Amino acid sequence: GIKNLFQNGMYIGDDFTSLYYLQPGFAFVHGLFFKLLSLINIPINYYTYRIPQILSVLILLLGSVYLINLCHRKNKTNYLIQSNIFLVVLAITPFAQNCWVVRPEVLGLVFITIGLTCYKYQQIYHQNSNLLYYASALFLGFATTLHLNFIIVVSPVILIILIYEFMKKQH
């Protein structure tokens with residue numbers, strides 16, 4: 001749908017049917033990636049269909065370790081123990097078996113991780129510009145367009161950030 005017509009839907013036989021009950025974010029990002037593959041003449045087949053998912057898992061793992069690093073950077077403590085504990089716990093969860101299934105959850109977690117990384121980076125380095133706050137809000141918002149579950153996850157995160165920033169301005 002997105003790759004050919006830039007519409008959210010699917011083909012049933014020769015007819016294209018629009019689907020309004022799906023969140024459009026995952027189909028849009030996936031379709032853009034497949035459009036990029038078709039522009040550089042890489043065919044979409046059994047092996048190339050999972051490339052976006054594999055890249056998302058790798059970015060999620062690296063981004064999570066970097067976020068743990070940012071959390072420890074302000075206190076100048078070692079982040080390797082917490083990173084290794086995180087990776088070991090992640091390996092024994094159902095995520096390790098299901099992360100290769102092409103679903104929007106991994107990409108949503110990538111967007112949440114990028115959003116929290118932007119916020120933490122702004123918090124640590126006290127940039128005068130609000131660009132990283134806007135980037136954080138944008139990526140957290142992107143996560144909500146991927147799956148309805150992320151609205152439940154992102155809403156408290158945004159609320160906590162707003163309360164923290166409001167209390168910081170008061171003192």
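Me: What volume does the second largest pocket have?
Reply: This is a predicted model: local features need pLDDT of at least 70, side-chain atom pairs need 80 or more, and totals for chains, interfaces and linings use all residues. Numbering starts from 1 along each chain as its sequence is written, and side-chain values use heavy atoms, leaving out hydrogens and water. A pocket is an open set of points on a 1 Å grid over the protein atoms alone, where a 1.4 Å probe fits, with protein on both sides within 12 Å along at least five of seven lines; its volume is the space filled by probe spheres on points joined across faces, edges and corners. For the second largest pocket, that gives about 350 Å³.

Me: Which residues lie nearest the centre of the second largest pocket?
Reply: Its lining has 14 residues (an atom within 4 Å of a point). Nearest the centre are Ser64, Leu67, Ile112, Thr113 and Leu116.

Me: Which element gives the largest share of the lining of the second largest pocket?
Reply: By class, the lining has 11 nonpolar, 2 polar and 1 charged residues (nonpolar: Ala, Val, Leu, Ile, Met, Phe, Trp, Tyr, Cys, Pro; charged: Asp, Glu, Lys, Arg; polar: the others). The largest share, 6 residues, comes from α6.

Me: At what angle do α3 and α4 cross?
Reply: Helices are DSSP runs (H or I, at least four residues), numbered from the N terminus. The axes, lines fitted to C-alpha atoms over the stretch in contact, come within 9 Å. Between N-to-C directions (scale 0 to 180 degrees), α3 and α4 cross at roughly 145°.

Me: How are α6 and α7 oriented to each other?
Reply: Their axes lie 8 Å apart. The packing angle is about 165°. Angles over 145 degrees count as roughly antiparallel. α6 and α7 are therefore roughly antiparallel.

Me: How many nonpolar residues are in the contact of α6 with α7?
Reply: Contact means heavy atoms within 4.5 Å. On the α6 side, the residues include Phe111, Ile112, Cys118 and Tyr121. On the α7 side, they include Leu132, Phe139, Leu140 and Phe142. The contact has no charged residues, 4 polar ones and a nonpolar count of 13.

Me: How are α7 and α8 oriented to each other?
Reply: α7 (residues 131-144) and α8 (residues 149-170) have axes 8 Å apart. They pack at an angle of about 160°. α7 and α8 are therefore roughly antiparallel.

Me: Which residues of α7 make the contact with α8?
Reply: α8 brings in Phe150, Ile151, Val154, Val157, Ile158, Ile161, Glu165 and Lys168. From α7 come Tyr133, Leu140, Ala143 and Thr144.

How values were computed: Helices (H or I, at least four residues) and strands (E, at least two) are DSSP runs, numbered from the N terminus. Angles under 35 degrees count as roughly parallel, over 145 as roughly antiparallel, 65 to 115 as roughly perpendicular and the rest as oblique.
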